[in-house]
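Visitor: Please show me the structure, and let us then go through its architecture in turn.

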Amino acid sequence: MRVELVRAWAGRFEAAVVHVPAGAVVADALAAAGWALDTEFVALAVFGQTAGPQTPLEEGDRIELLRPLQCDPMQARRRRAGARARR
C-alpha cells in the first residue's frame, strides 16, 4: 500500500511516501519513513482524525504528525476578534 506522511513547522513542511504491506498500521509507516513521535511531534492523525500507532491503514492514507498547540484556539480567536473590533 502507498501511504503519505506529513509533518510541518512554521513556514515549512516535510512529506514522505512509503509503501507498506496490506494490514500495516501507523507505526509500520512511521518506521518505514524513519520518523517517530518525540517532544516536537506529540500526536498522530489520519486525514485529520485522531490516530494512534496501532491504527490500521488503507491505501492512500495520509498520516499527519502533530505538534502541541502553542495556545488555546478559542483564546486566540477571541484575541483576533477583539483586535478587529478595535479597528
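Guide: Helices (H or I, at least four residues) and strands (E, at least two) are DSSP runs, numbered from the N terminus. This is a predicted model, in which local features need pLDDT of at least 70 and side-chain atom pairs count only at pLDDT 80 or more, while totals for chains, interfaces and linings use all residues. Residues are numbered from 1 along each chain as its sequence is written, and side-chain values use heavy atoms, with hydrogens and water left out.

Visitor: In what order do the elements of the chain run from the N terminus on?

Guide: The chain holds 2 helices and 5 strands. From the N terminus on, their order is β-β-α-β-β-β-α.

Visitor: Why is the chain described as more spread out than a compact globule?

Guide: The globule rule, 2.2 Å times the number of residues to the power 0.38, is set against a radius of gyration taken over C-alpha atoms. For 87 residues the rule gives 12 Å, and the chain is more spread out because its radius of gyration is well over that, at 16 Å.

Visitor: Which residues have the most contacts inside the largest nonpolar core?

Guide: A nonpolar core is a set of buried (under 20% relative accessible area, 1.4 Å probe, protein chains only) Ala, Val, Leu, Ile, Met, Phe, Trp, Tyr and Cys residues joined through side-chain atoms within 4.5 Å. The largest one has 18 residues, and those with the most contacts inside it are Ala 29 and Ile 63.

How values were computed: Buried < 20%, exposed > 50% of the residue type's maximum accessible area, 1.4 Å probe, protein only.
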